[in-house]
Amino acid sequence: MKSKYAFLIILLVLIIDQWSKIYIKTHFILNEAVRVFSWFQIYFVENEGAAWGTKIPGEYGKLLLTLFRIIAVIGIGYWLITATKKQQPKVLIVSISLILAGALGNIIDSVFYGILFNHSYGQIATLFSNEPYGTLLHGKVVDMFYFPLIDTTLPNWVPIWGGERFRFFEPVFNVADSAICIAVGLMIIFHKKVFKS
């Protein structure tokens with residue numbers, strides 16, 4: 001597979017990812033939700049940390065996370081260049097491209113959104129605001145896809161968690177996250193082809 005096709009995949013995912021995030025950020029108030037189906041909502045949240053809102057504690061936790069993401073993207077980019085030069089299987093190159101696009105999409109939020117937007121608490125954010133909510137490298141990742149497929153209370157006879165509320169699928173995510181998950185899924189499904197050597 002030629003590198004130009006990998007670049008097109010990355011570009012397409014980035015455009016869709018950033019368009020959806022900018023649209024949500026400039027049309028929704030934080031924690032606002034629109035119910036599409038009983039099992040799917042557009043639900044605007046911001047993620048200050050890594051997956052599922054995990055944070056690195058301390059004053060420099062967010063900065064360290066952003067720098068780690070940048071280093072990871074450089075590594076993934078090198079992996080993609082190497083895979084295309086060695087004419088690795090197409091499914092591997094597509095997967096790496098999706099992972100790189102997803103990582104870049106979330107890095108854009110982390111690096112730039114803090115200086116591009118004002119806050120979304122009780123108001124719709126403004127792009128290119130004169131009063132940005134953060135600083136360079138301290139932006140928040142915009143998430144919006146929420147699939148509460150199961151939302152119930154567990155029966156009392158269930159050990160430990162009986163009587164507690166149970167939701168599946170709880171995480172709220174974005175296009176970039178989806179690209180990474182699809183890539184991992186492809187590598188698992190086609191693992192014999194992807195990792196044949």
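User: Let's start with aspartate 177: is it buried, partly exposed or exposed?

Analyst: Happy to begin there. Keep in mind that this is a predicted model. A residue counts as buried under 20% relative accessible area and as exposed over 50%, with partly exposed in between. Aspartate 177 has 21% relative accessibility, so it counts as partly exposed.

User: Where in the fold is aspartate 177, and which residues does it touch?

Analyst: Aspartate 177 sits in helix α4, which covers residues 175-189. Leaving aside residues up to four places away in sequence, aspartate 177 touches Asn106 and Asp143. With asparagine 106 there is also a polar contact: the two side chains are joined at 2.9 Å.

User: What does UniProt say about Asp143 and Asp177?

Analyst: An unreviewed UniProt entry places the feature "active site" at Asp143 and Asp177. Such an annotation may be inferred rather than shown by experiment.

User: Why can these two residues be said to gather at one spot?

Analyst: Compare sequence with space. The residues span 35 residues in sequence, yet no two of their C-alpha atoms are more than 9.0 Å apart, so they gather at one spot.

User: And aspartate 143, is it buried or exposed?

Analyst: Aspartate 143 is buried, because its relative accessible area is 3%. Its place is strand β3, residues 141-146. Setting aside residues up to four places away in sequence, aspartate 143 touches Tyr43, Phe44, Val45, Asn47, Val172, Phe173, Asn174 and Asp177.

User: Now the surface, please. Which residues make the nonpolar surface patch?

Analyst: The patch is made by Val34, Val36, Phe37, Trp39, Leu149, Ile150, Phe166, Phe168 and Phe169, and its area is about 770 Å². Two elements give two or more residues to it, namely β1 (33-37) and β5 (165-168). The largest share, 3 residues, comes from β1.

User: Which peptide bond here is cis?

Analyst: The bond from phenylalanine 168 to phenylalanine 169 is cis, and its omega is near 25°. Phenylalanine 169 lies in the loop between β5 and β6 (172-173), and it is also one of the residues of the nonpolar patch.

User: Where is phi positive in a residue other than glycine?

Analyst: Asparagine 31 is one case, with phi near 75°. It is found in the loop between α1 (3-27) and β1, and at 47% relative accessibility it counts as partly exposed. Leucine 137 also has a positive phi, near 75°, and its place is the loop between α3 (90-116) and β3.

User: One last topic: which residues does UniProt list as "transmembrane region"?

Analyst: The unreviewed entry lists residues 63-81, 93-116 and 171-190. To read such a span, check its secondary structure and the distance between its ends. Residues 93-116 are 100% helix and 0% strand, with end C-alpha atoms 33 Å apart. Residues 171-190 are 75% helix and 10% strand, and their end C-alpha atoms lie 26 Å apart.

How values were computed
Residues are numbered from 1 along each chain as its sequence is written. This is a predicted model: local features need pLDDT of at least 70, side-chain atom pairs count only at pLDDT 80 or more; totals for chains, interfaces and linings use all residues. Side-chain values use heavy atoms; hydrogens and water are left out. Helices (H or I, at least four residues) and strands (E, at least two) are DSSP runs, numbered from the N terminus. Buried means under 20% relative accessible area, exposed over 50%, partly exposed in between (1.4 Å probe, protein chains only). Contact means heavy atoms within 4.5 Å. A polar contact is a pair of N or O atoms within 3.5 Å; within protein, one must be able to donate a hydrogen and the other to accept it, and residues adjacent in sequence count only if both atoms are side-chain atoms. Patches are made of residues with over 30% relative accessible area and no salt bridge: like charges are joined within 9 Å, nonpolar side chains (Val, Leu, Ile, Met, Phe, Trp, Tyr) within 5 Å. Accessible areas come from the Shrake-Rupley method with a 1.4 Å probe; for residues, only the protein chains shown count as cover. A salt bridge is a side-chain nitrogen of Lys or Arg within 4 Å of a carboxyl oxygen of Asp or Glu.
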